[in-house]
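Reader: I have a protein model open on the screen and would like to go through it with you. Could you show it here before we begin?

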Amino acid sequence: MPDHTDIAVIGAGAAGLAAGIFAAEDRAGQSLRIVVLDGAKSIGAKILVSGGGRCNVTHQEVRPQDFHGNLHAVRNILAAFPVTTTIDWFSSLGVELKREETGKLFPVSDKARTVLQALLSRCDQLGVQVLGGHRVLDVSPVVGDGFRIRYEQGELEARRVIMATGGRSLPRTGSDGQGWSIVRPLGHSVTETYPALVPLVLDEQMFHAELSGLSQVVELTTLVEGKPVDRRIGSLLWTHFGVSGPVVMDASRFWTIAQGQGRAVEVRCNSRPGTSAEQAQQQLIEQIAARPRLTLSKLLAQRLPDRLAEALCRHCGIDPAMQAGQLTRAARSSLVLALTALVLPVVRDRGWNHAEVTAGGVPLEEIDFRTMESRKCAGLHLIGEMLDCDGRIGGFNFQWAWATGYLAGRSATGSFRAGL
């Protein structure tokens, strides 16, 4: 005979642990058993590697516009569990948060393990069983009420199920997309999925390797079939393989989706954010007029990092050591183009092992945003990265995890009080 539980949470990541905690906290005297199952033997690997091992818990300001997905649903979900509530909740768990200049909120300890340990400790205090090494293979409805959960070691019957298995990003931490194959037979659809918040690899002929480690503020524009679909300003990091940094990570989803759909896509970099080609040309003319005998690289270095100034000159076939006053009109035009609309020759993204989140998943239209309950299968809730909603870099995806976990946990427990 299979084991029994009242609520089974499948996936012990941020969303799953939050759901288990909120479900237990809302029992209000009811004797309900809550079990969290995870395929990984070591719980919380994705939490531990997030934010460079510091765990960017949330952001000081989280808006629906910070996400890609059904904004009506996103707005209501975020409103149910805002940032102020997140801060208070973590404080109640013994984790005080600090705000950095970027608006990101981290634990004061600067250790992701502080966050994970607090979540696991709270589960333990509430009697929520967290079982690692229990990879779920499938979930099927039971005649009458509930579900039968088949995992590698056996079976478990649950009256309510919360799916929190994540997407496909960072599969080494346990999120490999298995959850989608579980919910499809239960009536759900899954959109195409793509790596998001992922670094981009450039053609090896580009000069990125010689700039490795250099960070600068740029304006990136992504064009699909010649039309701008995204424009943003932020920090870009040149690396040995290509480009990374917040502005690249945020823009990457537009490249990966277009490329995956077989559409022509191009990423352009403006090293003078907010400056048009015409303005940059006029500024360059004025700089040259003021210092005509200065070498071109040193002239450009007045507004750019030294290494980048030299690299851009060589990229345009111009000697960085030539006197600025000797620059021809054609060479000047070429240089202005490189300054304001440098095409980054992206050949691929770095793949799922380096993507921080998944673009795509179960459409939010298939979920009741007030409870995170499935509109296709009663008693089933879907949360976190399983859903077709991804936020920008900076703690937004964690806020999504806490908010969806909160709604699903409380709803699953509340359904017993309501006698549903």
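Author: What follows is a discussion of this model, which is a predicted one.

Reader: Let us begin with the overall picture. How many helices and strands does the secondary structure come to?

Author: The protein has 12 helices and 23 strands. Its C-alpha atoms fill a box of roughly 85 × 45 × 35 Å along the principal axes.

Reader: And what percentage of the residues is buried?

Author: Of the 420 residues in the protein, 56% are buried. As for contacts with a separation of 6 or more, 74% of them join residues 24 or more positions apart.

Reader: Turning to the helices, at what angle do α1 and α5 pack?

Author: Helix α1, residues 14–25, packs with helix α5, residues 112–126, at an angle of about 35°. Their axes are 10 Å apart, and the crossing of α1 past α5 is left-handed.

Reader: What about D26, is it buried or exposed?

Author: D26 is buried, because its relative accessible area is 13%, and the cut-off for that class is under 20%. This residue sits in the loop between α1 and β2, the latter being residues 34–37.

Reader: Which residues is D26 in contact with, leaving aside its neighbours in sequence?

Author: With neighbours within four places set aside, D26 is in contact with R410, T413, G414 and R417.

Reader: Now helix α3, please. Which of its residues are buried?

Author: In α3, residues 71–80, the buried ones are A73, V74, I77 and L78. They cover an arc of only 125° around the axis, so they lie on the same side of α3.

Reader: What do the buried residues of α3 pack against?

Author: They pack against β4, residues 67–68, and against α12, residues 396–417.

Reader: And which side chain reaches a backbone nitrogen at the start of α3?

Author: The side chain is that of N70, one of whose oxygens comes to within 3.1 Å of the backbone nitrogen of H72.

Reader: A change of topic: the backbone. What is the phi of C55?

Author: C55 has a positive phi of about 65°, although this residue is not a glycine. Its place is in the loop between α2, residues 45–49, and β3, residues 58–59. C55 has 0% relative accessibility and therefore counts as buried.

Reader: Where is S50 found, and what does it touch?

Author: S50 is in the loop between α2 and β3. Not counting residues up to four places away in sequence, S50 touches C55, N56 and F398. S50 counts as buried because its relative accessibility is 12%.

Reader: One last residue. What is the phi of M372, and where is this residue found?

Author: M372 is not a glycine, yet has a positive phi of about 65°. The residue lies in the loop between β20, residues 367–368, and β21, residues 373–374.

Reader: Is M372 buried or exposed?

Author: M372 counts as buried, because its relative accessibility is 0%.

Note on methods. Residues are numbered from 1 along each chain as its sequence is written. This is a predicted model: local features need pLDDT of at least 70, side-chain atom pairs count only at pLDDT 80 or more; totals for chains, interfaces and linings use all residues. Side-chain values use heavy atoms; hydrogens and water are left out. Axes are lines fitted to C-alpha atoms, for helices over the stretch in contact, and angles run from 0 to 180 degrees between N-to-C directions. Helices (H or I, at least four residues) and strands (E, at least two) are DSSP runs, numbered from the N terminus. A crossing is left-handed if the near helix is turned anticlockwise from the far one by less than a right angle, and right-handed if clockwise. Buried means under 20% relative accessible area, exposed over 50%, partly exposed in between (1.4 Å probe, protein chains only). Contact means heavy atoms within 4.5 Å. The arc is that of the directions from the helix axis to the C-beta atoms. A polar contact is a pair of N or O atoms within 3.5 Å; within protein, one must be able to donate a hydrogen and the other to accept it, and residues adjacent in sequence count only if both atoms are side-chain atoms.
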